[in-house]
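Please look over the sequence and the model below before reading the report.

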Amino acid sequence: MFEKLFHMKDNGTTLHTELIAGVTTFMTMVYILALNPTILSAAGMDAGSILTATALASAIACFCMAAFSNKPFALSAGLGLNAYFAYSVCGAMGYSWQVALTAVFVEGVIFILMSLTNVREAIFNAIPVQLKTAVAVGIGFFITFIGVQNCGLIVKGPTLVGLYSFTQGAKTNASQGVAILLCLIGVVITAWMLIKGIKGYMLWGMLATWVLGIVAQLLGIYVPAPDAGYYSVIPTAFVSMPSSIAPTFFKLDFSFVANHFLNFVVVCFAFLFVDIFDTLGTVIGCASKANMLDKDGKLPGIKGVLLADAVGTTVGAVLGTSTITTFVESSAGITEGGRTGLTSVVTGILFLVALFLTPLFLTIPAFATAPALIIVGFLMMQQVSHIDWSDLTKAIPCFACITMMGFAYSISDGIAFGFITYTLLHVLTGKGKELSWLMYVLSILFVLKYFII
């Protein structure tokens with residue numbers, strides 16, 4: 001049955017591989033169930049309802065991904081977009097969370113129309129092959145940066161970011177130092193299993209690191225410090241009933257659209273613009289890692305991928321959560337060999353299971369999932385060898401894309417700098433005819449985004 005639905009043989013994978021890949025992807029992104037309610041509740045929304053809405057919307061979007069495209073991409077509430085929702089739209093701008101949800105809903109509907117009319121596919125195909133490779137490498141840099149931050153190894157410092165000081169940290173928060181050491185041990189364990197070719201090495205690496213954390217806590221080496229963000233890694237409960245979704249379900253405010261149309265358009269455009277390029281960047285990176293792109297750099301079946309993303313956003317807004325988007329952590333499952341929609345289905349099912357096992361999944365520490373992100377970053381950055389560094393008109397934009405994605409902590413900003421630089425250098429060197437008209441349009445829009453809008 002699974003073979004008939006997902007065509008695993010044609011995609012060079014097996015049922016066992018797909019199951020492991022789905023579990024691995026879920027394990028690396030389950031943190032969103034704890035983080036999204038924390039962020040969105042700052043806008044005045046009910047935290048329990050947000051968690052339920054996030055899990056349900058994520059599951060539905062993952063199932064849509066499998067049904068529409070048969071691709072191994074997982075989706076959930078996008079980081080950055082949820083912060084914009086809570087802290088900018090509902091915070092600095094002063095709009096209600098109902099208005100913000102309405103903007104997300106409208107964004108989702110627009111995305112559905114764009115996906116059905118091939119607009120988003122055209123944008124994807126307009127990105128030059130070299131720049132697509134750079135996006136994949138940049139995401140490797142970006143996801144590694146996320147990993148080393150999640151475990152506490154990289155912290156804020158006098159030079160913007162810095163390395164955690166074990167000598168100073170021991171005096172203020174010893175738990176962080178222990179968590180970092182456990183993460184580094186986890187990286188070594190995961191890397192060793194990768195080198196040895198052990199199947200499921202990513203998942204086993206996470207579980208091994210978590211078990212080491214449990215042992216460290218039992219021995220008193222790791223001491224939970226909730227105020228500093230270091231919680232107990234030993235589950236105290238396993239089963240709980242999901243919170244009601246009623247406080248956020250279909251709480252849309254269309255009256256605001258009628259009375260403040262221009263203001264609403266600005267809010268909606270911001271969601272729309274960032275989501276388009278975050279999604280395209282993630283899809284490019286993950287598809288490149290899985291060798292899904294054809295010789296022209298196109299992804300067969302991308303319309304279904306983008307449609308699933310759009311439907312997820314629309315459904316998520318109705319349920320009561322911010323923009324649902326394709327997660328870069330999908331690359332963890334892809335690295336494990338996930339190649340079909342079965343990987344997405346497994347991830348979606350685990351999101352539903354998580355509704356009843358929330359205490360267990362939320363106990364998984366960041367230092368246990370960070371090694372997977374770091375190793376995935378390494379694997380994705382290997383593609384840097386596919387960039388033609390001798391052609392400077394292409395190499396410099398690729399460099400801008402890769403570095404800015406990490407330094408700006410944004411996939412869409414990395415793509416923006418890559419686009420603008422690529423277009424400018426081709427025009428200034430007399431190679432402007434090599435570019436499609438869409439590259440010019442998108443580059444202009446990126447410039448407007450930074451200096452006018």
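Predicted model: local features only at pLDDT ≥ 70, side-chain atom pairs only at ≥ 80, totals over all residues.

Residues are numbered from 1 along each chain as its sequence is written, and side-chain values use heavy atoms, with hydrogens and water left out.

The elements named here are DSSP runs numbered from the N terminus (helices: H or I, at least four residues; strands: E, at least two).

| Element | Residues |
|---|---|
| α13 | 261–289 |
| β2 | 154–157 |
| β3 | 160–163 |

Helix α13 has 29 residues and reaches 42 Å from its first C-alpha to its last, close to the expected 42 Å, a span defined as 1.5 Å times one less than the number of residues. Of the 29 residues in α13, 21 are buried (under 20% relative accessible area; exposed is over 50% and partly exposed in between, with a 1.4 Å probe and protein chains only). Just after α13, asparagine 291 takes a positive phi of about 55 degrees.

Strands β2 and β3 pair in the antiparallel sense over four bridges, where pairing requires that DSSP finds at least two bridges between two strands. They form a hairpin with two residues between them, and valine 155 has glycine 162 in β3 as its bridge partner.
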